[in-house]
4 protein chains.
Amino acid sequence: MPESPLRILVWNEGVHEELAEPEHIGEIYPEGMHGAIAAGLRKHLPEAEVATATLSDVEHGLTEERLARTDVLLWWGHRAHDDVGEEIVDRVHRHVLAGMGLLVLHSGHFAKVFQRLMGTTCSLAWRNRGERELVWTVNPTHPIAEGIPNPLIVPEQEMYGEFFDVPEPESLIFISSFAGGEVFRSGLTYSRGHGRIFYFSPGDQDYPVYHQAEIQRVLANGVRWAARPGHGREAPAVSNPAHGWFDESHAGAGASPGNS
Amino acid sequence: MPESPLRILVWNEGVHEELAEPEHIGEIYPEGMHGAIAAGLRKHLPEAEVATATLSDVEHGLTEERLARTDVLLWWGHRAHDDVGEEIVDRVHRHVLAGMGLLVLHSGHFAKVFQRLMGTTCSLAWRNRGERELVWTVNPTHPIAEGIPNPLIVPEQEMYGEFFDVPEPESLIFISSFAGGEVFRSGLTYSRGHGRIFYFSPGDQDYPVYHQAEIQRVLANGVRWAARPGHGREAPAVSNPAHGWFDESHAGAGASPGNS
Amino acid sequence: MPESPLRILVWNEGVHEELAEPEHIGEIYPEGMHGAIAAGLRKHLPEAEVATATLSDVEHGLTEERLARTDVLLWWGHRAHDDVGEEIVDRVHRHVLAGMGLLVLHSGHFAKVFQRLMGTTCSLAWRNRGERELVWTVNPTHPIAEGIPNPLIVPEQEMYGEFFDVPEPESLIFISSFAGGEVFRSGLTYSRGHGRIFYFSPGDQDYPVYHQAEIQRVLANGVRWAARPGHGREAPAVSNPAHGWFDESHAGAGASPGNS
Amino acid sequence: MPESPLRILVWNEGVHEELAEPEHIGEIYPEGMHGAIAAGLRKHLPEAEVATATLSDVEHGLTEERLARTDVLLWWGHRAHDDVGEEIVDRVHRHVLAGMGLLVLHSGHFAKVFQRLMGTTCSLAWRNRGERELVWTVNPTHPIAEGIPNPLIVPEQEMYGEFFDVPEPESLIFISSFAGGEVFRSGLTYSRGHGRIFYFSPGDQDYPVYHQAEIQRVLANGVRWAARPGHGREAPAVSNPAHGWFDESHAGAGASPGNS
């Protein structure tokens with residue numbers, strides 16, 4: 001079926017880039033991490049519309065109109081989680097429940113909107129020593145694992161370790177091990193309301209992970225999986241149907257509760 | 001191993017009882033719904049300490065001290081969800097993540113604390129016409145299904161129907177059908193942080209469901225399953241362990257991250 | 001990416017059709033149930049190659065060569081499960097583990113290959129009185145639910161009821177209720193090895209269910225979901241890799257274990 | 001409620017012990033691996049009846065009568081999987097579906113009965129160099145994780161690595177990492193029919209793992225979780241209930257289908 005192009009928005013708080021923390025961030029990410037992520041997506045999804053936004057944009061670049069025409073939002077945040085306005089968090093949360101796809105990246109595990117979608121602390125163990133990360137596929141039939149080497153090797157990366165306090169995922173796709181011996185469930189999917197969510201941990205302000213071809217492929221796979229381009233943007237809502245309402249509805253007579 | 005008795009707290013907003021809505025509530029629930037629920041638990045768990053609390057108690061009867069000595073909290077709410085203080089919601093949420101068991105009953109699907117734990121709207125379809133509900137077991141090996149007839153028949157009950165907007169449960173134990181043809185996932189388990197959660201939908205202010213022996217058995221099974229009496233009350237937290245920290249810890253040297 | 005057309009094989013034992021049991025089967029399924037199923041798939045997947053095979057074909061129409069060029073196999077069986085040769089069952093099982101998609105339909109729950117993939121009895125309750133079946137969507141974000149009305153109404157169908165003795169599905173998509181009050185988990189997905197499996201219960205030799213547009217849509221969605229056209233046909237296998245083998249492999253040096 | 005003691009049977013093929021392969025097996029397991037496992041269970045479950053059996057016993061020590069009075073069977077096999085009689089495999093499979101608990105240990109992943117219950121190849125990657133294994137808890141609320149350190153350290157053990165070709169588990173409790181960087185889902189639960197299954201990988205003929213206190217605790221937790229002492233030994237079976245059969249059954253009138 002002919003479909004309009006996917007509309008993707010890569011959001012990055014952009015604070016590490018502004019502050020030049022670490023100093024070398026401008027060298028490894030001259031266009032910001034969002035720039036590198038967007039470039040990778042454009043390579044794998046040439047037909048898609050890929051835009052970026054950051055915290056310092058008006059309404060963080062996440063206006064109602066913008067989200068309404070976004071199929072999949074990618075979220076990178078770290079230092080400035082608390083600076084994201086509550087109203088924006090409400091808005092993104094509502095759009096996910098209404099069918100917008102969401103990819104939460106690395107330190108985004110502590111983003112307010114991720115915590116709200118998960119209902120847990122989303123805490124974990126971490127250590128930043130540039131350890132080698134091996135990303136192993138444990139769900140080879142999942143579309144997000146398509147074409148990904150097993151293991152995928154990230155030469156240097158911040159360690160994230162268990163216990164990762166998130167709900168049991170619907171699909172566990174990747175498990176990482178680190179040089180120090182820790183393990184981490186690094187690729188997880190969820191659905192919430194009408195929206196699909198993919199959390200993926202590799203990627204950090206200190207290391208050029210988002211330039212790695214296999215990482216870009218994972219993100220492109222994730223975007224394709226999370227997108228529901230044909231779906232109306234509507235969250236599940238309470239309804240009070242009459243006895244036998246669906247007999248009418250079957251005859252084509254008007255609105256009905258519970259449609260997906 | 002010798003264990004101290006389970007400490008159970010049955011919370012009911014108590015508003016239907018106060019307002020006598022419906023009029024006959026005093027006849028079917030002379031001690032309130034919480035009274036009937038507590039009586040059923042005492043029958044099945046004679047060694048347990050079972051107490052009750054309501055919205056109108058000081059701090060809704062849910063003080064820090066009270067929750068600290070509660071192994072499992074049961075929650076019934078309907079009309080007054082909005083009257084539950086945010087601070088109390090925070091507190092209950094925190095205790096669940098720290099290991100307190102939680103049973104959410106019927107219209108409690110819209111309780112603030114349940115929505116916060118789920119991350120979704122928790123909306124559903126409903127119709128109150130006293131339809132027969134058949135509760136079918138689809139997970140016969142789960143401890144909560146132990147001894148429950150299949151189907152469990154509730155002669156008259158409010159209809160709850162799909163789509164029930166909650167995350168995919170860790171275990172789906174019961175599916176209900178109603179006289180009007182709707183179905184509902186009526187017995188669901190989750191874990192969040194260190195706590196276990198069981199949602200069970202049968203039970204309503206209009207019908208004497210909580211006096212039914214099989215329903216009481218389900219609730220007692222649920223309490224036993226959700227309780228973690230030996231577990232310290234501590235939520236998962238972020239940690240920053242040194243490389244190889246566990247080698248020390250293995251030698252018995254002090255606190256370590258990530259202990260369950 | 002340009003892809004070759006999906007290659008679909010609809011398998012039906014074809015025994016009800018041969019024996020004209022029930023008598024009216026020739027009226028509702030003049031081309032056999034496989035003919036109706038194939039026609040529905042051609043409508044929704046016009047670019048696909050859709051073929052059919054039956055028990056009485058040489059090797060049941062399921063030769064090694066045939067399976068090797070099949071992306072998704074649909075399986076309808078009922079009276080003649082025992083007549084399917086063990087060698088053919090081995091072969092289909094092996095192809096599923098190696099990445100061929102499989103849709104198991106209705107009474108196929110007792111097919112040898114389904115029992116072998118599930119590891120359980122696959123037993124259920126049944127009653128053939130032409131009861132109305134309501135198929136409710138409980139997983140609206142799953143691609144198989146895309147565009148399906150909620151509920152999907154099957155005017156007359158054999159009742160299938162719980163307990164359905166299959167492993168907990170990876171995704172539970174549909175739950176059916178019947179006029180008699182029973183419920184059934186009627187749309188379930190699994191992965192086994194490198195293959196994806198979808199079980200869908202509506203459809204029977206006595207009723208014209210496979211002509212229903214919504215049912216055809218479910219099957220087409222299922223085929224699209226189960227297909228892995230780019231995947232080599234190889235089952236997971238044991239391996240004995242050297243310490244650090246992946247360092248070599250990362251440099252592009254030849255075969256490695258565990259690739260998906 | 002007063003309960004009869006758990007009846008546990010530890011089965012070991014016993015071939016490594018007989019052949020003295022490796023040579024030092026008699027030193028680390030003077031009573032065989034089954035002896036060490038049984039001793040650990042007796043320590044943690046003093047009230048239980050713990051027996052052992054091996055391949056060379058009449059009917060491998062797995063007679064109908066023996067299984068009928070076994071609540072939980074533990075299975076260790078490696079060299080002699082093919083020597084286990086088909087009839088015995090059928091019998092154990094049937095008892096699991098009928099409610100007997102099963103713990104499958106280490107190389108038992110290739111036991112015929114485990115493959116039959118899983119429906120997959122159960123293949124994995126392996127390497128025997130005595131690498132350190134770290135067993136991390138990722139499901140801290142599961143009863144099997146109760147009291148287990150995180151990580152549990154096995155100083156020397158055979159490496160088992162992904163991809164482990166088993167169905168997605170109902171609960172993933174432990175993930176192991178090895179010195180070489182591989183990861184493995186090392187603690188998994190399933191239910192099949194009326195039975196509960198726990199697979200746990202640490203433990204090998206070359207290393208004294210089964211003497212380790214934390215490993216013994218995991219096995220005791222697993223046995224307690226898998227046991228269904230009050231449950232009649234009956235597998236799910238097909239039934240053909242009349243319309244409204246449960247109305248009768250509710251009145252207490254005789255046998256009904258689908259009871260758990």
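## Strands S3 and S4 of chain C

In which sense do S3(C) and S4(C) pair, and over how many bridges? They pair in the parallel sense, over five bridges. This is a predicted model. Trp76(C) has Leu105(C) in S4(C) as its bridge partner. Between the two strands the chain passes through helix H5 (residues 86-97) of chain C. This β-α-β crossover from S3(C) to S4(C) is right-handed.

S3(C) also pairs with S1(C), again in the parallel sense over five bridges. Here Leu9(C) stands opposite Leu73(C) of S3(C). Are the residues of S3(C) buried or exposed? Five of the five are buried, so the strand is largely enclosed by the rest of the structure. Val72(C), Leu74(C) and Trp76(C) point one way. Leu73(C) and Trp75(C) point the other way.

## The sheet of chain C

S3(C) and S4(C) belong to an open sheet of nine strands. The order is S2-S1-S3-S4-S9-S8-S7-S5-S6 (chain C), and the pairing is mixed. Strand S2 (49-54) and strand S6 (152-161) of chain C form the edges. Each has a single partner strand, so one side of each lacks a neighbour in the sheet. From one strand to the next, the twist averages 25 degrees.

Trp11(C) has Ala53(C) in S2(C) as its bridge partner.

## Helices on the sheet of chain C

Helix H3 (residues 32-44) of chain C lies across S1, S2, strand S3 (72-76) and strand S4 (101-105) of chain C. It runs at about 155 degrees to S1(C). Helix H7 (residues 213-226) of chain C packs on the sheet too. It touches S1, S3, S4, S6, strand S7 (171-178), strand S8 (183-192) and strand S9 (195-200) of chain C. The direction of H7(C) makes about 165 degrees with that of S9(C).

How do the two helices meet? The axes of H3(C) and H7(C) come within 9 Å and cross at roughly 70 degrees. The two helices are therefore roughly perpendicular to each other. Among the H3(C) residues in this contact are Ala36(C), Ile37(C) and Leu41(C). On the H7(C) side, the residues include Leu219(C), Ala220(C) and Val223(C). The residues of the contact divide into seven nonpolar, three polar and three charged.

## The sheet of chain D

Chain D also has an open sheet of nine strands, with mixed pairing. Its order is S2-S1-S3-S4-S9-S8-S7-S5-S6 (chain D). Strand S2 (49-54) and strand S6 (152-161) of chain D are the edge strands, each pairing on one side only. The twist averages 25 degrees from one strand to the next.

Strand S5 (residues 125-137) of chain D runs antiparallel to S6(D), and seven bridges join them. Glu133(D) has Val154(D) in S6(D) as its bridge partner.

## Helices of chain D

Helix H5 (residues 86-97) of chain D lies across strand S3 (72-76), strand S4 (101-105), strand S8 (183-192) and strand S9 (195-200) of chain D. It runs at about 115 degrees to S9(D). H7(D) packs on the sheet, with a direction at about 165 degrees to that of S9(D).

The axes of helix H3 (residues 32-44) and helix H7 (residues 213-226) of chain D come within 9 Å and cross at roughly 70 degrees. That makes H3(D) roughly perpendicular to H7(D). Gly40(D) and His44(D) of H3(D) are among the contact residues, as are Gln216(D) and Arg217(D) of H7(D). The contact of H3(D) with H7(D) divides into seven nonpolar, three polar and three charged residues.

Terms used. Residues numbered from 1 in each chain as written. Chains lettered and ligands numbered in written order. Predicted model: local features only at pLDDT ≥ 70, side-chain atom pairs only at ≥ 80, totals over all residues. Heavy atoms only, no water. Pairing = 2+ DSSP bridges. Helix = DSSP H or I, 4+ residues; strand = E, 2+ residues; numbered from the N terminus. Axes fitted to C-alpha atoms, helices over the stretch in contact; angles between N-to-C directions. Contact = heavy atoms within 4.5 Å. Parallel < 35°, antiparallel > 145°, perpendicular 65-115°, else oblique. Nonpolar A, V, L, I, M, F, W, Y, C, P; charged D, E, K, R; others polar. Buried < 20%, exposed > 50% of the residue type's maximum accessible area, 1.4 Å probe, protein only. Right-handed = clockwise from strand over helix to strand, strands pointing away.
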